[in-house]
Amino acid sequence: MSFGALSANAIAALNGGAARGGFAHDTGEGGISPYHLRGGDLIWEIGSGYFGCRDADGNFDAAKFAEKAAMPAVKAVSVKLSQGAKPGLGGVLPAAKVSGEIAATRGVPMGHPVVSPPAHTAFRTPTEFAEFIATLRRLSGGKPVGFKLCVGARTEFLSICKGILATGIAPDFVIVDGAEGGTGAAPQEFEDHVGMPLTEGLMLVHNSLVGTGLRDRIRVGASGKVASGVDIVSRICQGADFTLAARAMMFAVGCIQALECHTNHCPTGVATQDPGRAKALDVTDKTARVYNFQRATVASAAQIVASMGLAGFHELSPAMLNRRVEGQRSRTYAEIYDWLMPGELLDDPPESWRSDWIEARADEFR
């Protein structure tokens, strides 16, 4: 969640809670502000607007990226290909919210609306994307580099896998954002109908990486209405290694879903750049709430895993997650869905995957 969309006080509380709880704070695509530097580890998210590492024309600036990536607080870099709330669209920050501080952080003119382009300009194909990941890894001094996307089609992600195989350059992680995710700043029809839900997207990404022999090299994150211990356990059963939360953390810092984000009139100080309104958010109090929410949620997930008689999250599997399919009948995810074997797509693609695997190309996003 970006600085600009959220207030300085909200960002400070989130980062302070991350520092106290020992978890990571994703910056969102709005760049790194002073409020992100309160002691919490950062995942620096870079979108198509390249905020904080852009030149005057809005293109990627390697020197600016290297300077910020060298900050000790930056522990990883995540390239945003798309997001759950509005896949295929760039972010929009209304002119009223582009203060001098926001403009300086993002590297944009003050008082003008900021619209991220729908596509990146630093790469055009899956192979170029893999090479861009290598460039970011080199410029950051070897820090982990991954990407986030809301899956639109199976061929789309398989094309990325083919780009990785063609270049030999793999990301350190992939974050799957579900279509049900996002904080609400998107066109209603995109929120309701565009993009793949997290369950389907997560299992598709996991299986694609397994089938191409890449899964042991790449960690998978899950994002999309993850708000409870059960959510964490369920997503790990479906193929994730870790989870992320956005909307739930907005609630932790005081969001009441007043739906005034775009007006700059947020009554709780969460999503406003109005200094008077931002004062409504007490940083000390909300820092504690962020810390307590994350700690209690993870403790709940750990308790669920322990109650299952497991030694840890690594023992969770699709066979342990049930879904009601009709009336009084339920089946496990291992039974409902097909799960690929390591390297299966390379050796002998199953019939249900063959046409998509053939169509996917390393030199074109499809």
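Let's start with one residue in this predicted model: F123 has a relative accessible area of 6%, and because buried means under 20%, F123 counts as buried. Another phenylalanine, F129, is buried too, with a relative accessible area of 1%.

**Aromatic rings**

There are 10 aromatic pairs in the count. In one of them, the ring centres of W44 and F65 lie 5.2 Å apart with planes at 15°, so this pair is stacked. W44 belongs to strand β2 (residues 41-46) and F65 to helix α2 (residues 62-69), so the pair ties together parts that are 21 residues apart in sequence. W44 is buried at 0% relative accessibility, and F65 is buried at 0% as well. The rings of F123 and F129 also pair up, and this pair is tilted.

| Ring pair | Distance between centres | Angle between planes | Arrangement |
|---|---|---|---|
| W44 and F65 | 5.2 Å | 15° | stacked |
| F123 and F129 | 4.8 Å | 35° | tilted |

Which residues do ring pairs link into a cluster? They are W44, Y50, F60, F65, F123, F129, F132, F147 and F157.

Now for a pair of helices. Helix α1 (residues 8-21) and helix α11 (residues 283-307) have axes that come within 8 Å and cross at roughly 45°. The two helices are therefore oblique to each other, and α1 passes α11 in a right-handed crossing. On the α1 side, the contact is made by N9, A12, A13, L14, G16, G17, R20 and G21, while α11 brings V283, K286, T287, A288, V290, Y291 and Q294. Sorted by class, this contact has seven nonpolar, six polar and two charged residues.

Technical notes:
Residues are numbered from 1 along each chain as its sequence is written. This is a predicted model: local features need pLDDT of at least 70, side-chain atom pairs count only at pLDDT 80 or more; totals for chains, interfaces and linings use all residues. Side-chain values use heavy atoms; hydrogens and water are left out. Axes are lines fitted to C-alpha atoms, for helices over the stretch in contact, and angles run from 0 to 180 degrees between N-to-C directions. Helices (H or I, at least four residues) and strands (E, at least two) are DSSP runs, numbered from the N terminus. Angles under 35 degrees count as roughly parallel, over 145 as roughly antiparallel, 65 to 115 as roughly perpendicular and the rest as oblique. A crossing is left-handed if the near helix is turned anticlockwise from the far one by less than a right angle, and right-handed if clockwise. Contact means heavy atoms within 4.5 Å. Ala, Val, Leu, Ile, Met, Phe, Trp, Tyr, Cys and Pro count as nonpolar, Asp, Glu, Lys and Arg as charged, and the others, Gly among them, as polar. Rings of Phe, Tyr and Trp (its six-membered ring) pair if their centres lie within 6.5 Å; planes under 30 degrees apart count as stacked, over 60 as edge-to-face and the rest as tilted. Buried means under 20% relative accessible area, exposed over 50%, partly exposed in between (1.4 Å probe, protein chains only).
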